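Trainee: I am new to this structure and would like to go through it with you. Could we begin once it is on the screen?

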Amino acid sequence: MINSSIDLFEDFFRNEPESTAFASGRVNLIGDHTDYNSGFVMPTPLSLGIEVSIRKTRTGFIEGKTELFKETKSEINSNADGTWLDFIKGAIKVFYEEFPNCSKKLEEGIQVAVTSNLPSGSGVSSSAALEIALLRAINKIENQNLSEIKLAKLAQKIEHKFIGTLCGLMDQMVVAKGIMNKAMFFDTKYEKTVNLSLFSNFEFLIVHSGSQRSLSRSLYNERRNECEEASKILNIENLRDAKFTMLDKLGGKLLKRARHVISENERVQICLNALQKNDNRTFGSKMYESHHSLSNDYEVSSELLDNIIKKAKLLNITGGRLTGAGFGGCCVFLTEKNSSKKIFKFLRADFKNLSLVDII
Ligand code: GLA
């Protein structure tokens, strides 16, 4: 259960909030590092998430309270400074840039309380959940015509301009638009989504490896640059249009990055088909292939994540892979319905720092 952000707000600010909103985290089932290459992804919302409560003030400050971070105050018009308050600064800026004719009530000062039961910095989109919850709460006060896709794009803008991660649109899109217990196939080029029922007799287990992601922002942006470099050499707009037959024009790490994107896009399409046919075997084997490619070609895994996935294979778990950007954080497994808790215990026998995040 998530703690109430209204209670936290009232305790800390000694006042009632004007607006409260929730956004869930997500797990990406397959298709990582493809979204900023205009490719395919298949995430699903988690039952965990982030709740925010807000109120306008006239202090010229952002005042924030979370259960996690210590920073509580920043001038509303100051530059991003690397603290979590940048999310609030960003949300206000991008919202009012998009809707310049609304009352702009929150531009003069804002109080925000945030509660979460989602692990942060772990590959389950705590950033996107915070961005979307903030934008939803602001919009409850300003009442503008905010479609789900616009909401997702504003959240992505916060990430690009205030946080510094040049992310794709997957996280913000599934957090804004995803439906619980449905996988969301997302063609990022045409911005088309299809919701699909999950397996009838299999479930997804999401586990935290116990290691936080390290250096993930700079390495993430570096991977994105490498993909752009590879596209230039191949003379294509982006790696969505790359083919295996073009790979001989590339060498070294650019070849590996492009090979991951081409093969991962194929796997997502195969998994779309497998899910529609309730074929968990194929889906699971593509998850393992995806992990192998993320580890060897895209080089975003870690020894710990690789060992966890190796163990899952030994245990004959149907599928397993790291999920999200990588460099530590969470893994997702496909396993028979109602077997997740048992599987988790088996895994934890070897990896003491594992924790169970969610079962979908
Ligand atoms: C992060 C980004 C997403 C996506 C994944 C990797 O979660 O926010 O846009 O690129 O990494 O698939």
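Mentor: We shall discuss the ligand, the cysteines and the aromatic rings in turn. This is a predicted model, in which local features need pLDDT of at least 70, side-chain atom pairs count only at pLDDT 80 or more, and totals for chains, interfaces and linings use all residues. Residues are numbered from 1 along each chain as its sequence is written, and side-chain values use heavy atoms, with hydrogens and water left out.

Trainee: Which residues surround the ligand?

Mentor: The shell includes Arg 26, Asp 32, His 33, Asp 35, Cys 167 and Tyr 220. The shell divides into five nonpolar, three polar and four charged residues. In this scheme Ala, Val, Leu, Ile, Met, Phe, Trp, Tyr, Cys and Pro are nonpolar, Asp, Glu, Lys and Arg are charged, and the others, Gly among them, are polar.

Trainee: Which polar atoms lie 2.5 Å from an oxygen atom of the ligand?

Mentor: A polar side-chain atom of Asp 32 is at that distance from a ligand oxygen, and so is one of Asp 35. For His 33, a polar backbone atom is 2.7 Å from an oxygen atom of the ligand.

Trainee: How much of the ligand's accessible area does the protein cover?

Mentor: The protein covers 93% of the 310 Å² that the ligand has on its own. Such areas come from the Shrake-Rupley method with a 1.4 Å probe.

Trainee: Changing topic, how many disulfides are there?

Mentor: The count is zero, a disulfide being a pair of cysteine sulfur atoms within 2.5 Å. For Cys 167, the nearest cysteine sulfur is that of Cys 227, 14 Å away.

Trainee: And is Cys 227 buried or exposed?

Mentor: Cys 227 is buried, with a relative accessible area of 1%. Buried means under 20% relative accessible area, exposed over 50%, and partly exposed in between (1.4 Å probe, protein chains only).

Trainee: What about aromatic pairs, how many does the structure hold?

Mentor: It holds ten. Rings of Phe, Tyr and Trp (its six-membered ring) pair if their centres lie within 6.5 Å; planes under 30 degrees apart count as stacked, over 60 as edge-to-face and the rest as tilted. Phe 95 and Phe 99 form a tilted pair, 5.0 Å centre to centre with 50 degrees between the planes.

Methods. A residue is near a molecule or strand if one of its heavy atoms lies within 4 Å of it. A polar contact is a pair of N or O atoms within 3.5 Å; within protein, one must be able to donate a hydrogen and the other to accept it, and residues adjacent in sequence count only if both atoms are side-chain atoms.
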